[in-house]
Amino acid sequence: MTRHSDPTQVQLTADGRLKHFLTTEGLSKALLTEILDLADSFISTQERAVKKVPLLRGKTVVNLFFENSTRTRSTFELAAKRLSADILNLDIASSATSKGETLMDTLWNLEAMYSDMFVVRHADSGAAHFIAEQVTPGVAIINAGDGRHAHPTQAMLDMLTIRRHKGAIEGQTVAIVGDILHSRVARSQIHALKTLGAKEIRVIGPATLIPKEMKDLGANIYFDMEQGLADVDVIIMLRLQKERMSDALLPSEGEYFKLYGLTEAKLALAKPDAIVMHPGPINRGVEIDSAVADGAQSVILNQVSYGIAVRMAVMAMAMSGQVAEQQALIAKGITA
Amino acid sequence: MTRHSDPTQVQLTADGRLKHFLTTEGLSKALLTEILDLADSFISTQERAVKKVPLLRGKTVVNLFFENSTRTRSTFELAAKRLSADILNLDIASSATSKGETLMDTLWNLEAMYSDMFVVRHADSGAAHFIAEQVTPGVAIINAGDGRHAHPTQAMLDMLTIRRHKGAIEGQTVAIVGDILHSRVARSQIHALKTLGAKEIRVIGPATLIPKEMKDLGANIYFDMEQGLADVDVIIMLRLQKERMSDALLPSEGEYFKLYGLTEAKLALAKPDAIVMHPGPINRGVEIDSAVADGAQSVILNQVSYGIAVRMAVMAMAMSGQVAEQQALIAKGITA
Amino acid sequence: MTRHSDPTQVQLTADGRLKHFLTTEGLSKALLTEILDLADSFISTQERAVKKVPLLRGKTVVNLFFENSTRTRSTFELAAKRLSADILNLDIASSATSKGETLMDTLWNLEAMYSDMFVVRHADSGAAHFIAEQVTPGVAIINAGDGRHAHPTQAMLDMLTIRRHKGAIEGQTVAIVGDILHSRVARSQIHALKTLGAKEIRVIGPATLIPKEMKDLGANIYFDMEQGLADVDVIIMLRLQKERMSDALLPSEGEYFKLYGLTEAKLALAKPDAIVMHPGPINRGVEIDSAVADGAQSVILNQVSYGIAVRMAVMAMAMSGQVAEQQALIAKGITA
């Protein structure tokens with residue numbers, strides 16, 4: 001997985017429509033806003049008695065999970081079903097058949113089964129991008145998390161959450177707290193926040209868990225949580241990825257909570273109407289106190305709701321982009 | 001899981017309609033009969049070329065199994081699909097993601113995904129009741145078996161079986177035979193049989209496997225199977241829950257079969273037109289002889305058919321109760 | 001599984017329509033051609049924007065896999081969904097509930113749930129045939145591979161591949177190469193090729209992996225690959241079933257590849273327009289060289305596409321045969 005083109009270009013059609021959804025990086029403000037607007041409309045459809053819309057009727061979506069994540073898989077499964085698609089869940093991580101097979105052979109086989117979309121989860125950074133480069137035209141790739149690199153649907157549901165609860169992303173001061181180093185989502189969030197006009201982005205955490213390039217991405221780095229939270233509008237807590245920490249980057253869970261766990265006392269340093277976000281599942285008492293997670297400023301469960309809507313939006317847009325591109329190719333062929 | 005309200009009240013709307021289905025205990029004869037009547041109609045729809053009815057179209061049902069049971073899960077999956085619902089199977093027992101998460105966090109997340117119904121299987125008595133107390137209004141809980149406490153859809157399919165094969169539950173003498181102690185279903189059956197007017201209920205088994213409170217529930221206790229089966233109309237064999245028996249409550253499978261296994265000789269003691277029931281899967285030669293299980297008086301496979309219909313009935317009624325309650329709340333809000 | 005009737009008769013209605021699909025053996029040229037023609041039409045429907053056809057709407061198909069095969073299960077799942085059926089995946093191999101239960105009890109229970117079709121995968125030869133003999137009238141059995149005996153949908157997708165890429169099966173010289181002994185599919189292929197008029201069938205492989213009865217089936221045996229490939233029109237490579245080879249029937253993978261692996265040099269011995277087939281998943285560098293697998297003469301991925309169409313065809317035909325037979329029985333009952 002070395003030869004990489006520009007990921008932004010790969011995910012857009014010639015006339016700038018979304019055809020894959022790999023990363024928030026490089027996408028325009030107009031396009032990110034289009035995703036948020038469409039997702040908003042899917043929140044409404046899901047509140048109806050009949051939650052389904054026929055946008056992907058007769059299409060086959062494959063949940064292609066090279067790494068297990070029941071929660072993420074379930075949100076994409078529900079999103080696909082509410083778009084009226086047929087969905088095939090493939091848990092490649094535990095499939096014996098596919099073990100001897102190369103990644104490309106697995107993909108080519110699934111393409112040959114007339115699949116229309118792959119939702120890809122992979123432990124390697126850039127896996128979804130690599131697949132999007134290789135896949136047959138007409139098949140849309142949605143990145144459901146690749147290594148430390150990106151988790152763009154999570155980032156976009158966070159954007160939708162801020163927009164719905166703070167009115168806009170423009171002008172907000174946003175703090176991202178915790179294990180930035182191992183987070184799939186921090187990078188995706190920073191790109192989206194910058195494009196959508198956030199006033200200031202702060203990353204807060206121990207020096208061992210904040211990569212130096214955060215500065216280059218335009219974020220301000222704080223090792224002290226009290227200083228970092230001062231007067232922020234939005235607090236995004238990251239999940240402590242215990243399973244990803246190989247060696248002693250952290251002293252202990254107790255010590256971590258003391259320094260970087262979000263308590264009511266620390267929350268009081270932010271603006272009074274600040275919102276608290278977390279991608280879930282939460283480790284109560286490790287990165288967040290229950291009083292905060294369940295408190296009035298928490299929008300953690302709203303994020304889950306918006307997550308289905310955002311996934312429906314990028315799936316619908318990418319499929320539509322693929323269809324438009326295919327039709328343009330056919331039209332070109334006819335007139336040429 | 002300590003704070004428990006009255007389970008009957010929890011499962012009914014203010015005007016007495018079903019909104020969850022947790023236990024047969026405390027439900028009126030009229031309501032149990034409504035379930036049986038609706039289930040009867042779903043037997044007809046399943047015998048048509050197109051088995052589906054659109055009652056739960058656009059709804060999301062989550063099979064929330066904290067304890068594995070492929071068989072029970074499959075019956076609910078088929079019932080949901082035949083009601084045109086979308087179904088998400090979540091095998092919490094083997095899901096790594098959910099392991100660190102509390103039960104309530106798992107539930108809140110699923111609710112936030114706009115789920116309409118949880119079918120709950122749990123090893124702890126009262127788990128479904130606890131969940132029904134906590135769940136957001138509008139979401140229906142169906143108990144698919146909780147610890148030793150209840151397995152109400154199994155009990156209702158047994159009632160439907162008796163009604164269809166014996167004409168009525170009223171006036172019948174019913175023997176329940178086997179491991180009453182570890183059975184989820186015996187208690188649910190006794191409540192339903194009493195409410196629906198059975199003439200006499202007998203529980204038959206070794207003293208070590210019959211809890212003393214059976215007497216208080218209104219059942220007559222027999223340790224001798226020959227005496228217990230004399231002139232009964234209905235024999236309900238229980239499955240020997242080998243995996244649930246920790247210590248030496250039983251001498252041996254061979255000994256058990258000699259004393260409490262149902263053979264043709266023992267069956268001859270019942271009324272000539274008595275029916276033989278078993279919840280499945282049967283242990284041939286342990287609690288029931290093959291000649292009886294496959295014989296003319298056996299209605300064991302009919303029970304399986306009625307099981308799908310009963311599950312469709314309680315799912316449709318509970319969903320309808322939730323919708324009615326939500327509409328009543330909205331109407332109240334408008335007029336208030 | 002001893003008492004076996006004629007498998008051809010079991011799979012046909014009184015007036016010669018397909019009602020199960022167990023084996024290609026004994027089926028007429030007209031019937032095999034009907035399958036291929038219908039499959040051809042399903043290739044067209046899958047190339048449309050909406051891939052689904054309503055032929056099995058409201059029907060319940062059970063994927064009954066006594067042996068794991070994610071790939072085969074997925075193709076049947078997609079085929080069922082594109083016919084608009086509801087599908088229940090049952091992985092009997094890993095289901096604890098069903099472990100103590102007999103095969104027949106499992107089947108009877110699934111029948112009682114108003115299942116319309118079982119797609120059966122089993123390690124024992126004749127398992128699908130046995131089930132078809134026992135199953136309730138009205139329920140169709142599709143063989144998805146049984147032991148070394150048959151894998152008829154794979155054989156038929158191979159026939160469709162030859163017909164589409166070579167124009168016809170009549171007149172072709174076809175070489176089947178590799179582990180004939182452990183192959184589920186070689187036998188099915190030979191029966192279909194003979195019935196459909198292939199000019200010559202050759203089996204090529206080491207003496208230890210070619211059963212003597214191949215001669216009786218009408219195939220010519222070659223131990224030397226160079227001789228066997230001379231002037232053939234079609235090369236069908238078999239997968240090396242490593243997990244099925246218990247003792248030292250082979251020297252080594254390297255040695256095997258040298259003797260029987262398909263390379264560009266060996267391919268050059270066949271006719272210039274010969275096609276290369278493989279059932280997948282391919283072991284690159286073991287039975288086939290990447291340059292051949294990905295080369296211009298390879299139709300391996302086309303086979304995968306045709307596989308869904310062939311499965312749709314036999315499912316639709318068998319269901320239709322069952323319905324016709326049931327209606328004939330009812331009509332007979334009425335007039336009698």
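This is a predicted model: local features need pLDDT of at least 70, side-chain atom pairs count only at pLDDT 80 or more; totals for chains, interfaces and linings use all residues.
Eleven residue pairs are in polar contact between chain B and chain C, with both partners at pLDDT 80 or more. Three elements of chain B each supply at least two residues to the side that touches chain C: α2 (29-46), α3 (70-82) and α12 (300-335). Of these, α3(B) gives the most, with nine residues. By class, this side of chain B divides into nine nonpolar, six polar and ten charged residues.

The contact takes 25 residues from chain B and 21 residues from chain C. Together, chain B and chain C bury about 2,100 Å², and 55% of that lies on carbon and sulfur atoms. Three salt bridges cross this interface. One of the pairs that form a salt bridge is Arg284(B) with Asp105(C), whose closest N and O atoms are 2.7 Å apart.

Now turn to chain A. Here 21 residues of chain B are in contact with 25 residues of chain A. The buried area is about 2,100 Å², with 55% on carbon and sulfur atoms. There are three salt bridges between chain B and chain A. The count of residue pairs in polar contact is eleven, again with both at pLDDT 80 or more. On the side of chain B that touches chain A, the elements giving two or more residues are β2 (86-91) and α4 of chain B. The top contributor is β2(B), with five residues. This side holds seven nonpolar, eight polar and six charged residues.

How are chain A and chain B related? Chain B can be laid on chain A by a turn of 120° and a shift of 0.0 Å along the axis, with an RMSD of 0.0 Å. The two copies are therefore related as by a three-fold rotation axis.

Asp116(B) sits in the loop between α4 (103-112) and β3 (117-122) of chain B. Is Asp116(B) buried or exposed? Its relative accessible area is 9%, so Asp116(B) counts as buried, the limit being under 20%. Leaving out residues up to four places away in sequence, Asp116(B) touches Lys51(A) across the chain boundary, and its contacts within chain B include Gly58(B), Lys59(B), Thr60(B) and Met319(B). The side chains of Lys51(A) and Asp116(B) meet in a salt bridge, 2.6 Å from N to O. A polar atom of the Asp116(B) side chain also lies 2.8 Å from the backbone nitrogen of Thr60(B).

How values were computed. Residues are numbered from 1 along each chain as its sequence is written. Chains are lettered from A and ligands numbered from 1 in the order in which they are written. Side-chain values use heavy atoms; hydrogens and water are left out. Copies are superposed by least squares on the C-alpha atoms of residues with pLDDT of at least 70 in both. Contact means heavy atoms within 4.5 Å. Buried area is the accessible area (1.4 Å probe) that two parts lose on being put together, summed over both. A salt bridge is a side-chain nitrogen of Lys or Arg within 4 Å of a carboxyl oxygen of Asp or Glu. A polar contact is a pair of N or O atoms within 3.5 Å; within protein, one must be able to donate a hydrogen and the other to accept it, and residues adjacent in sequence count only if both atoms are side-chain atoms. Helices (H or I, at least four residues) and strands (E, at least two) are DSSP runs, numbered from the N terminus. Ala, Val, Leu, Ile, Met, Phe, Trp, Tyr, Cys and Pro count as nonpolar, Asp, Glu, Lys and Arg as charged, and the others, Gly among them, as polar. Buried means under 20% relative accessible area, exposed over 50%, partly exposed in between (1.4 Å probe, protein chains only).
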